[in-house]
Amino acid sequence: MTDTAQRNRPEPGSEPSGSGEGFRKSTSRRGGGDPGLRGRTTIADGVVEKIAGLAAREVIGVHAMGSGFSRTLGAVRDRVPGGSRSSTTRGVKAEVGEVQTALDLEIVVDYGVSIADVARAVRENVVSAVERMTGLEVVEVNIAVSDVKLPDEEDEEPESRLQ
């Protein structure tokens with residue numbers, strides 16, 4: 001028997017079709033596999049930025065996120081309805097791929113803390129939170145310390161021109 005004839009021969013227990021060729025009875029459900037793995041999930045950069053921003057702020061020694069200018073500009077934006085960027089993501093930039101993400105954070109630390117220890121703790125907390133919540137692999141967390149908050153300094157809040 002030729003290979004073609006062998007392939008077209010009905011399997012034992014199968015029912016013949018109208019064309020004379022057989023078919024296999026399917027014992028699995030339609031689609032097959034785990035329903036939770038069907039389809040694709042995409043995660044926006046802003047989602048990862050929010051998670052990372054919140055995780056970084058949880059670390060003792062982090063006074064604020066972003067540079068002085070970005071914080072001042074953000075405070076003004078927060079007062080304007082529909083301000084473009086929330087304070088949660090201030091100082092955080094994420095690049096998100098299909099399975100990996102990379103983050104850049106800009107922080108202000110409190111005076112007297114070890115910057116190296118704070119940076120290490122921020123990295124650990126951010127990597128843990130982002131990987132746990134998104135399933136993405138965090139390939140790097142770059143941290144730029146833009147300022148040190150001195151004990152006698154007041155927070156930079158622009159005076160409102162509105163009354």
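This is a predicted model: local features need pLDDT of at least 70, side-chain atom pairs count only at pLDDT 80 or more; totals for chains, interfaces and linings use all residues.
Residues are numbered from 1 along each chain as its sequence is written. Local features need pLDDT of at least 70 and side-chain atom pairs pLDDT 80 or more, while totals for chains, interfaces and linings use all residues, and side-chain values use heavy atoms, without hydrogens or water.

**Exercise 1. The fold**

State how many helices and strands the protein has, and in which order they run.

Solution. Helices (H or I, at least four residues) and strands (E, at least two) are DSSP runs, numbered from the N terminus. The protein has four helices and four strands. Read from the N terminus, the order is α-α-β-α-β-β-α-β.

**Exercise 2. A residue in strand β3**

Decide whether Ile-107 is buried or exposed, and list what it touches.

Solution. Start with the location: Ile-107 sits in strand β3 (residues 100-110). Next, apply the cut-offs: buried means under 20% relative accessible area, exposed over 50%, partly exposed in between (1.4 Å probe, protein chains only). Ile-107 has a relative accessible area of 1%, so it is buried. Now list contacts, meaning heavy atoms within 4.5 Å. Leaving out residues up to four places away in sequence, Ile-107 touches Ala-64, Met-65, Gly-66, Val-118, Ile-143, Ala-144, Val-145, Ser-146 and Asp-147.

**Exercise 3. The salt bridge**

Find which side chains form the salt bridge, and explain how their positions in the helix relate.

Solution. A salt bridge is a side-chain nitrogen of Lys or Arg within 4 Å of a carboxyl oxygen of Asp or Glu. Side chains of opposite charge can pair when their charged atoms come close. The structure holds one salt bridge. Asp-117 and Arg-120 form it, at 2.9 Å from N to O. Both belong to helix α4 (residues 115-134); they are three residues apart, so about one helical turn separates them. Asp-117 is partly exposed at 42% relative accessibility, and Arg-120 is partly exposed at 45%.

**Exercise 4. A lysine in strand β4**

Say where Lys-149 lies, and which backbone oxygen its side chain approaches.

Solution. Lys-149 belongs to strand β4 (residues 137-149). Its relative accessible area is 14%, so Lys-149 is buried. A polar atom of the Lys-149 side chain lies 2.4 Å from the backbone oxygen of Glu-153.

Note on methods:
A polar contact is a pair of N or O atoms within 3.5 Å; within protein, one must be able to donate a hydrogen and the other to accept it, and residues adjacent in sequence count only if both atoms are side-chain atoms.
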